[in-house]
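Take the chain one feature at a time, with the sequence and the model side by side.

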Amino acid sequence: MMFFPTVSVIIPIYNGEFDLPDLIRCLVAQTYPAAQVEYLLVDNASQDKTGNIIQNAVEQAKYQGLIFSYLKENQIQSSYAARNTGVLSAKGGRC
């Protein structure tokens, strides 16, 4: 029997309206056990439809047994700040 640790994948996103659909398809296609991975999609104060796309992806993921979370970083415009927001919510990799 193989052991798969719980992992968190943090994805900072800024104005990803056009790239997000492909990204989401790739995440859904991953083969890591769904119960052992969470995908934290962090909107970094996007000015396009990124938020709506992420919200829809979160709802669809539930039906597929996947864990997608929609997080927002609105105070600091940087990928570092968005990643830090994800780290604070991450459940994977903690001892």
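Ser79 is found in helix H3 (residues 79–89). Helices here are DSSP runs of H or I with at least four residues, strands are runs of E with at least two, and both are numbered from the N terminus. The model is a predicted one, in which local features need pLDDT of at least 70 and side-chain atom pairs count only at pLDDT 80 or more, while totals for chains, interfaces and linings use all residues. Residues are numbered from 1 along each chain as its sequence is written, and side-chain values use heavy atoms, with hydrogens and water left out.

Ser79 is partly exposed, at a relative accessible area of 33%. Buried stands for under 20% relative accessible area, exposed for over 50%, and partly exposed for what lies in between, with a 1.4 Å probe and protein chains only. Setting aside neighbours within four places in sequence, Ser79 is in contact with Pro12 and Asn44; contact means heavy atoms within 4.5 Å. Ala57 lies 22 residues from Ser79 along the chain, and the C-alpha atoms of the two are 21 Å apart.

How many helices and strands does the protein chain have? There are three helices and three strands, and from the N terminus on they follow the order β-α-β-α-β-α. The C-alpha atoms fill a box of roughly 45 × 30 × 15 Å along the principal axes. Of the 95 residues, 34% count as buried. Among contacts between residues at least 6 apart in sequence, 80% join residues at least 24 apart. The protein chain exposes about 6,200 Å², of which carbon and sulfur atoms supply 56%; the areas come from the Shrake-Rupley method with a 1.4 Å probe, and for residues only the protein chains shown count as cover.

In H1 the buried residues are Leu20, Ile24 and Leu27. Seen down the axis of H1, these buried residues fall within an arc of 60°, so they line one face of the helix. The arc is that of the directions from the helix axis to the C-beta atoms. An α-helix has 3.6 residues a turn, so residues three or four places apart point the same way. The cover over the buried residues of H1 includes E1, E2, H2 and E3.

H1 also carries a charged pair. Asp22 forms a salt bridge with Arg25, with 2.3 Å between the closest N and O atoms. A salt bridge is counted when a side-chain nitrogen of Lys or Arg is within 4 Å of a carboxyl oxygen of Asp or Glu. Why can these two meet? Asp22 and Arg25 are three residues apart in helix H1 (residues 20–28), so about one helical turn separates them. Asp22 is partly exposed at 43%, and Arg25 is exposed at 52%. By this rule the count comes to two salt bridges. In helix H2 (residues 50–63), Glu59 and Lys62 are likewise three residues apart, or about one helical turn, and their closest N and O atoms are 3.2 Å apart in a salt bridge. Glu59 is partly exposed at 37% relative accessibility, whereas Lys62 is exposed at 54%.

A search of the whole structure finds two aromatic pairs. Phe4 and Tyr32 form an edge-to-face pair, 5.4 Å centre to centre with 85° between the planes. Rings of Phe, Tyr and Trp (its six-membered ring) pair if their centres lie within 6.5 Å; planes under 30 degrees apart are stacked, over 60 edge-to-face, and the rest tilted. Phe4 sits in the segment before strand E1 (7–13) and Tyr32 in the loop between H1 and strand E2 (37–43), so the pair links distant parts of the chain, 28 residues apart. Phe4 is partly exposed at 30%, and Tyr32 is partly exposed at 28%. The rings of Tyr39 and Phe68 have centres 5.3 Å apart and planes at 75°, so this pair is edge-to-face. Tyr39 lies in strand E2 and Phe68 in strand E3 (residues 67–72), so the pair ties together parts 29 residues apart in sequence. Most residues other than glycine have a negative phi, and most peptide bonds are trans. Asn15, in the loop between E1 and H1, has a positive phi of about 45° although it is not a glycine. Ala45, in the loop between E2 and H2, has a positive phi near 60°. Asn15 is partly exposed at 30% relative accessibility, whereas Ala45 is buried at 18%.
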